[in-house]
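This briefing covers selected residues in a single model. Please view the sequence and structure first; the notes follow.

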Amino acid sequence: MRSRISAPDTPADITLRRLLDGDQLQSFVVVAGAGSGKTTSLVKALDHAATRHGPRLRARTQQVACITYTEVAAKEIHADVGNSPLVSVSTIHSYLWTLVRPFQKDIGLWVGRHIEDAMGEIKEKQQKYTSRTRPTTIAKDSSDLNKLGIQLQMTQEVARYSYGIGSDYAKGILGHEDIVTMVPDLILDNALLRRIIASKYPFIFVDESQDTFHKVVEALKAVDAQAQGAICLGFFGDPMQNIFQRGVGVISQEAGWERVEKPENFRSSKKVLSVINQVRSEADGIVQVTGRSPEDGKNGEFFFFVLPADDRRSEQLDDVRTWLGQHSDAGSWAANSAEDGSGAKILMIVHRMVANRMGFAHLYAAFHDSGSSSLKQTFDEGSAWPLRPFEEVILPICEAGSVDSPAVIAALRKHGGVFNADTPEQDVKKKLALARDAVSDLRKVVSEGGSSSTGKALTLAVTAGLVAPDPRLSFYLEPEGPHRDIVLTSETREALGAFTRCDVDEIAAYFKYIRQESPYSTQHGTKGAEFSKVIVVLDDEEGKYQLYSYEKLFGIKELSETDKRNIAAGKESVLERTRRLLYVCVSRAIDSLAVVVFAKNTTEAKLAIEKSNITAGGRVLTEADLAHL
């Protein structure tokens, strides 16, 4: 339970203890590369702050706060510090909501302004109507404006706001996006709130700080600035692992802050570490050094392939795995799963490439081709709200052994709409008996699958009360129902329409992928994970992603004029974004790494890659090498 706390100290751990020991607290930024044991340093810092300042914290009913990104991570970190009551570990959303929940009047004022801003945007759009504006657009904007007006009026009657799945302001419910938007605004606008936060949490540590929203970082810095040395604000992260568009990336240091670098890599073999450093070399200049002991310092393996981008990609990738199995010292690379260490984890640039191979291409397109940026991102992260009923209720019900399986009761009791979590056991059985027919019908719909079976399953589950859906989903399925005041963007409507037309089998395949139950993943899916053998697949053409280009990074393809302007202006360019994704990919490997590039002109690609030094001195293999299987 306390293994991380008892791990040997690194120079960074010693520096952090020094910063935490003083009576005049000092804020800091920890920059820890991949495989450095960042979480270990975070846990050791949490434990030291709680131990060193325990008596004072107890006397003042204060806590050490740790903000992380998932419930799983929060539970793991809290367990590592022995579930200490002096340490509060929570997700970013939960932490922010805890801070502002007592400020109900301020919340209400913010909601009112938020609705008014939305109304203002529509009115501004209406002023730009022309004779070519579609009647359907005019009618929808008018309807949405009317709904927002009703919402604004109904919020006047809201006595208390709560934090739920999705926004329903008229009923006093705030959603996930509201929390990360509203709370920083309230903190920045309210000196009393900043003082209360500093008084309650004299130590605030942020995990994965590079992925923290800009406004959240700004708000926490405002708390620190007002406290004037009375709190310690610590950011733990790595700018090179910032691969989410909304993340702040680099945490700029304020006056008096200390930068703590943790360059060790305890994960990767020598050859893999050489590649990692080569990728990072043109970024921030940090060179990682092995943290492994001499007796554990494996040399490892690295292979680089350049193959033709044609319609034989899947077959060629199979050939690569077979070739590696014959020429590598690491054993088979062709097992179906990398979780037990027997096979290779295959990382791809974007989810579209995985979707094509695993059978959820239409589901991917539904979320990615609609234009809704928030749905795209949450789909990639595995947290899109339209999919939650399937993850929490529908799929568990249908995967259970029978209608009466304990798994069915557990899913309905925890997430469903049949009964509440505190429903007495005798009532559970009675209500389940009433819902048995609906559960049977749902299992049949999912079993048969086919076109639009997603919509059929969702409608059946919602109508029968088997799920408690997001208000936005309720409105989409029943526009004149109890949530008719909800406003959906045209992009969201388009995404939901395409989503409900999908085969429900695609959702099962998607969650198999998201849960790491396949050999495939992307940089986003494996961030923080590690595997003995990793194959990184780079393919600009199949990826169809404008934000990244490995061909530009390796010099295979010329930079665009926009790229050149961004670089000249010091703005983030395609090169920085692509380099970070590649860094996250290659740094997942423990012992053996293979990179496969699919290119139209393999001769030019091979020459450019050799010139880029990305191979760290290794030979670039081609289709000719695979011919000798």
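**S36**

S36 has a relative accessibility of 1% and therefore counts as buried (under 20% relative accessible area; exposed is over 50%, partly exposed in between; 1.4 Å probe, protein chains only). The model is predicted: local features need pLDDT of at least 70, side-chain atom pairs count only at pLDDT 80 or more, and totals for chains, interfaces and linings use all residues. Residues are numbered from 1 along each chain as its sequence is written, and side-chain values use heavy atoms, with hydrogens and water left out.

- S36 sits in the loop between β1 (28–32) and α2 (38–52); helices (H or I, at least four residues) and strands (E, at least two) are DSSP runs, numbered from the N terminus.
- Leaving aside residues up to four places away in sequence, S36 touches K262, E264 and F266 (contact: heavy atoms within 4.5 Å).
- The S36 side chain reaches the backbone oxygen of G33 at 2.7 Å.

**K38 and the record**

- K38 lies in helix α2 and is buried, at a relative accessible area of 11%.
- Beyond residues up to four places away in sequence, K38 touches A32, D207, E208, F236, G237 and K262.
- An unreviewed UniProt entry lists residues for "binding site", including G33, S36 and K38; such annotations may be inferred rather than shown by experiment.

**A384**

- A384 is in the loop between α15 (373–381) and α16 (388–399), and is buried with a relative accessible area of 3%.
- Its contacts, not counting residues up to four places away in sequence, are F367, T378 and F379.
- The C-alpha atoms of A384 and S374, ten residues apart along the chain, are separated by 8.5 Å.

Note on methods:
A polar contact is a pair of N or O atoms within 3.5 Å; within protein, one must be able to donate a hydrogen and the other to accept it, and residues adjacent in sequence count only if both atoms are side-chain atoms.
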